[in-house]
Amino acid sequence: MARLINRIRFGRGLVLLVCGIYFAVPMAASLWFSIDDNKGGTTFRAYTELLNAPGFSDSLVLSLELAAVTVAVLLLLLVPAVLAARLGAPKLRPVIEVMCSMPLVVPVVALTTGIIGVLRWGPDYLQDTPFFQTIVAIQDPDFPIVLVIAYVLMALPFAYRAIDSGLRGVDVVTLVEAARNCGAGWLRAVFTVVLPNLRSALLNAAVLTVALVLGEFTTASILGFAPFSVWINTNGKSDGQMSVAVSMLSLLIVWLVLLLMSAAGRGRRTARS
Amino acid sequence: MTTAPTPVPANASAAQRGGGVPGSVSPAPASARTAKAPRPGRRRAGGSRAWLAALPLLLFFVIGFGLPAVAIAIGAFTTSTDAPDGGGTFTTDNLTNSLQGAYWTALWGSVKLSLLTALIATVVGLPLAQAVATSRFRMFREAVMSASGVLANFGGVPLAFMFVATLGNAGEVTTSLGLTKHGWSLYTFSGLSVVYLYFLVPLMVITITPALEGLKTQWREAAANNGATSVQYWRHVALPVLLPSLLGGFVLLFGASFAAYATAEAMVGSSVPLISMQIGDALSGNVLVGQGNLALALGLDMIVVACLVMALYLPLQRRSAKWLA
C-alpha cells in the first residue's frame, strides 16, 4: 500500500514537473528575450519606450472601447431573451440554445469571409440605396461597428453557457412569482430580485467576452482594422523585442483582469451573506 | 418534448445542494410541482411579451449571422463580379477549385495538424488534470485552474511572439542549446504543433476537470473492496465513465485547433499550408482573376468540416453532462 502511494506520488510529481517546465520555459525565455541587450547585460528599453511607440495607445484604446461596447450589447441582447425563455415562453429555449451554438460551428475565418461577402454587396448592388450608407458607416475605422457585431456573435456561445449555468442554480420562476405576489412590477422583480442572483454568472460572461475581444486578431486583421492584437503583429515585424515585451504584458493584463473580476464577484458574494 | 427533461436535473441539483438545511429541501420540489398548475393560463399572457423580449436577439442573429451565411451560400456557388460574364451566374467551379491543388493540401494539412495536436493534448491533459484535481493543496488547485483559464484563452499573436522569442531562430532556448544544428525549426508542422499545445492542453484541463471531479470516491473504494488494482479501476470504471467527456474534449480541441488563424499567421505566414491561411490570402485578393468567390467556397469547406466535428461533439456533450448531474 505504501509503495502504491509512493508510486502515485511519483507519477503525479513527474507529470506536474514535465508540464510545469513546458509552460514555464517559454514565459521565462520571453521575459529574458525582452530585456536581453545581446551584450550579456539587461535593458528595459522595450518597456520604457512602449508608451511612445507609434500607434500603441490608439490601438489599445480602440480594443478597450470595443470590449466595453461588446459586453454591453451582448448582455442587453442575451439576458432579456434568456430570462424570457425561463419565465414566459419555454418554447423559446431550444431556439435560443440552437442560436447560441451556431457560432461555435462556424470557424472565425469562415464567418469573416461571410462578413466580407455581405460588405461587398454594398458597392456591388446597393450603391444607390440607404443600405450603402449603413455599410460604409459600420466600417468607420475610428470605431468599426462591424467588429462589435462579429465579436458579439463569437462571444454568444460562451456568454450563453455562463448565464445558463448560473440560472440552473436559481429557481427564477419561484423568485419572480414571490416578488410579484409581494406587489413588485415585472421590471422591479427582474432588476431587484433576479439580476442580483445572477451577478456572478453575468460577471463570468463579461470576463469571457472581454478576454475574447482583447485577444481577437483574425477578423480585425482580415477586415483591415487596427486594434491592439493587430498592432502587436505589425509592430513585431519591425521591433521584435518590443512585441515580445507587449505579449508578456498582455498575458499579465488578461490574467489581472480575470483575477480582479473573479475577486470582485467573490467579494460581493461574501459581503452579502 | 425537448425541454421536458432539462428541468429535472436542475431541480435535483438544487435540492441536493440545499440538502444540509432541512427547511430548504421541500420548497424546491414543491415549487416544481405547483409551478406546473398555474403556468398554462399565465403562459399565454406572458408568452407574446416573452417573445418580444427575445426579439432583439433574434433580429441581431438574423442580420449578424444569417446575412453572412447567405453571402457564403450564394457566393460559393456563383461567379464573382470580376469574372468575364459579369458575375452572378451559377457555377460549381469555386467549390471544385477549392478542393484541388494547393487548397486541398492546405485543407488536409489543417485536418492533420488538428488531429495530431488534439490527440496529444488529450493524452497529456488527462493525467495533468487528474494530478491537479487530486492534489491536497487547495491553493495549488485553484492556481492551476485559473492559469489554465488564462492560457486556454491565450492564443493568437502574443503566443506566437512568445514562442518566436523562445524557440525561433534567434530565440533564447534555440541559441543557448544550439537547437538549429540538430535540425530544429519552429516554422514547420512540428514547430506549430508545439505552439498549439500551449493553449490546447490548458483547454483540455478545463474541459475534463469537472468530469474528473464527478468521479465519486465511492466508486474507487468499491472497486478496491472488490480487489481491483488501480489499473483495473481505471480500465473498467473510470475511463468508461470519462469516455464521453474525453471524446467531447478531443472534438472541442480539434475545432479550436482547426479554426486557429492568428498564431499561425503571426508565426509562420504561409510556409505551413493551412486552410485558414489560404482563406486569409484569398480574401486579401491573392487569387487568380475571376476567382474572387473562391474564398467563400473555402469558407464553406471549412464550415462543412467543422459541422461534421460538431455533429460528433453535441451528443457526447449531452452524454457526459448526465454523469455530472
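Q: How do H12(A) and H8(B) run relative to each other, roughly parallel or roughly perpendicular?

A: Start with the crossing angle: under 35 degrees counts as roughly parallel. In this predicted model, the axes of H12(A) and helix H8 (residues 156-167) of chain B cross at roughly 30° and come within 8 Å. The two helices are therefore roughly parallel to each other.

Q: Which residues make that contact?

A: From H12(A) come Ser229(A), Ile232(A), Asn233(A) and Gly236(A), and from H8(B) come Gly156(B), Val157(B), Pro158(B) and Phe161(B). Sorted by class, four residues in this contact are nonpolar, four are polar and none is charged.

Q: How many residues of H12(A) are buried?

A: Burial can be read by counting neighbours: a residue with 20 or more other C-beta atoms within 10 Å of its own is buried. Helix H12 (residues 228-238) of chain A is mostly covered, with eight of its eleven residues buried. They are Phe228(A), Ser229(A), Val230(A), Trp231(A), Ile232(A), Asn233(A), Asn235(A) and Gly236(A).

Q: What does Ser63(A) touch, leaving aside its neighbours within four places in sequence?

A: Skipping sequence neighbours brings out the contacts made by the fold. Ser63(A), which lies in helix H3 of chain A, is in contact with Val213(A), Leu214(A), Pro227(A) and Phe228(A). Ser63(A) itself is buried, because 24 other C-beta atoms lie within 10 Å. Distance along the chain and distance in space can also be set side by side: Ser63(A) and Phe143(A) are 80 residues apart in sequence, and their C-alpha atoms are 9.7 Å apart in space.

Q: How do H3(A) and H8(A) cross?

A: The axes of helix H3 (residues 56-87) and helix H8 (residues 172-181), both of chain A, come within 9 Å and cross at roughly 85°. That angle makes H3(A) roughly perpendicular to H8(A). Leu83(A), Arg86(A) and Leu87(A) on the H3(A) side meet Val172(A), Val173(A) and Val176(A) on the H8(A) side. This contact has five nonpolar residues, no polar ones and one charged residue.

Q: What does Val254(A) touch, not counting residues up to four places away in sequence?

A: A contact list can cross from one chain to another, and this one does. Val254(A) is in helix H13 (residues 240-272) of chain A, and touches Ala211(A) and Leu214(A) as well as Val150(B), Asn153(B) and Phe154(B). With 21 other C-beta atoms within 10 Å, Val254(A) is buried. Its C-alpha atom is separated by 8.8 Å from that of Val210(A), 44 residues away along the chain.

Q: Is Val105(A) buried or partly exposed?

A: Val105(A) counts as partly exposed, because it has 19 C-beta neighbours inside 10 Å and the buried class needs 20 or more. Val105(A) sits in helix H4 (residues 92-105) of chain A. Beyond its neighbours within four places in sequence, Val105(A) is in contact with Ile303(B), Ala306(B), Cys307(B) and Met310(B).

Q: What can be said of chain B as a whole, and of its "transmembrane region" annotation?

A: Chain B has 15 helices and zero strands, and buried residues make up 39% of its 325 residues. An unreviewed UniProt entry annotates several spans as "transmembrane region", including residues 144-167 and 187-212 of chain B. For residues 144-167 of chain B, the end C-alpha atoms lie 24 Å apart and the span is 88% helix. For residues 187-212 of chain B, the corresponding values are 36 Å and 92% helix.

Definitions and conventions:
Residues are numbered from 1 along each chain as its sequence is written. Chains are lettered from A and ligands numbered from 1 in the order in which they are written. This is a predicted model: local features need pLDDT of at least 70, side-chain atom pairs count only at pLDDT 80 or more; totals for chains, interfaces and linings use all residues. Axes are lines fitted to C-alpha atoms, for helices over the stretch in contact, and angles run from 0 to 180 degrees between N-to-C directions. Helices (H or I, at least four residues) and strands (E, at least two) are DSSP runs, numbered from the N terminus. Angles under 35 degrees count as roughly parallel, over 145 as roughly antiparallel, 65 to 115 as roughly perpendicular and the rest as oblique. Two residues are in contact if their C-beta atoms, placed from the backbone, lie within 7 Å. Ala, Val, Leu, Ile, Met, Phe, Trp, Tyr, Cys and Pro count as nonpolar, Asp, Glu, Lys and Arg as charged, and the others, Gly among them, as polar. A residue is buried if 20 or more other C-beta atoms lie within 10 Å of its own, exposed if 12 or fewer, and partly exposed in between; C-beta atoms are placed from the backbone. UniProt positions are given in the numbering used here, feature names are shortened, and annotations may be inferred rather than shown by experiment.
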